[in-house]
Amino acid sequence: MSTAVSHSSPDRSSVDPAEEWDAWRAERHCALTSPTGNLALVETRWAPAGEVPDAEQAREGLPDTVTVTTLRRTDMVTGEPEHGLRFWDADAPAIRAFDRVDAFAYDPAWVLEASYTPVPGARRIAFEHIRDNGGSRDLVVPGDITLTVDGRAYTLSAFDDDGTLLLVFGDPTNGDTTYGAGRFLFVRRTDDESRVVLDFNQAFVPPCGFSDQYNCPMPPRQNRFHLPVEAGEKLPVLRDGSDAQH
């Protein structure tokens with residue numbers, strides 16, 4: 001999944017958290033508007049069952065601004081692999097119309113430590129996806145994240161996204177001040193394998209908030225907070241001042 005956000009970890013002993021957040025915001029903007037950023041995705045094309053498409057062949061005759069990449073998923077009915085192509089356009093209308101992503105002001109109170117308990121084996125949990133008409137896809141959740149927020153205990157499920165824990169969460173701000181289908185957050189591991197950090201200031205709008213060609217997972221019930229998470233990104237904003245919520 002292309003999320004157009006960095007989750008690298010600098011040496012935090014010498015970094016001011018607010019300055020780090022400003023740098024993250026700037027990097028995020030550059031990634032979103034890049035030639036293969038979330039805003040550039042103009043088409044996802046799935047091949048017929050059993051076929052593997054040729055990206056170079058598909059690229060022939062297209063403008064120089066277009067990049068073609070391959071992707072793969074599992075068919076929800078047959079369990080067989082499906083192959084597809086993604087078409088990215090550096091001159092996409094969405095990039096030209098985009099201005100910024102609004103965000104809450106940085107708040108150190110939303111940097112939370114949590115317990116992490118690895119679960120042996122490839123445990124999979126069903127996540128409903130936004131374009132699967134109510135269907136769900138099983139994603140690997142390698143451990144449980146437990147914490148207490150505003151007096152309520154939570155056990156969160158973050159799935160493995162290329163070796164990083166990605167939390168898909170919801171809260172009462174969704175559909176109002178933040179993206180309606182929930183937000184994403186990369187979970188930061190610590191030197192203590194039983195502890196992780198959830199910095200909700202770096203919660204971000206998922207890829208499907210920038211292009212309808214993505215099929216993003218939605219927050220499962222256990223990942224929905226009872227109180228507003230007033231931290232992180234809110235909504236994309238267009239140059240004409242309107243929000244770009246899909």
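Start by selecting Arg123, which counts as partly exposed at 24% relative accessibility. Keep in mind that this is a predicted model. Arg123 sits in the loop between β5 and β6 while Asp144 is in strand β8, so the pair ties together parts 21 residues apart in sequence.

Stay on Asp144 and bring up Thr117, its bridge partner. Then show the strands around them: β5 (residues 111-118) runs antiparallel to β8 (residues 143-149), and four bridges join them. Zoom out and follow the barrel, where six strands close up in the order β5-β8-β9-β10-β11-β12 with antiparallel pairing. From one strand to the next, the twist averages 40°.

Pick Asp99, Arg100 and Asp102, which salt bridges with shared partners join into one network. Then try Glu82 with Arg73, a salt bridge at 2.8 Å, N to O. Glu82 counts as buried at 18% relative accessibility, whereas Arg73 is partly exposed at 26%.

Last stop, the inside. Select Phe159 and Phe210, the residues with the most contacts inside the largest nonpolar core, which has 29 residues. Color α1 (17-32) too, one of the elements giving two or more residues to this core; α1 gives the most, with three. Finish with Leu112, Leu147, Leu227 and Val229, which are among the 23 residues of a second, separate core.

Conventions: Residues numbered from 1 in each chain as written. Predicted model: local features only at pLDDT ≥ 70, side-chain atom pairs only at ≥ 80, totals over all residues. Heavy atoms only, no water. Core = buried A, V, L, I, M, F, W, Y, C linked by side-chain atoms within 4.5 Å. Buried < 20%, exposed > 50% of the residue type's maximum accessible area, 1.4 Å probe, protein only. Pairing = 2+ DSSP bridges. Axes fitted to C-alpha atoms, helices over the stretch in contact; angles between N-to-C directions. Salt bridge = Lys/Arg side-chain N within 4 Å of Asp/Glu carboxyl O.
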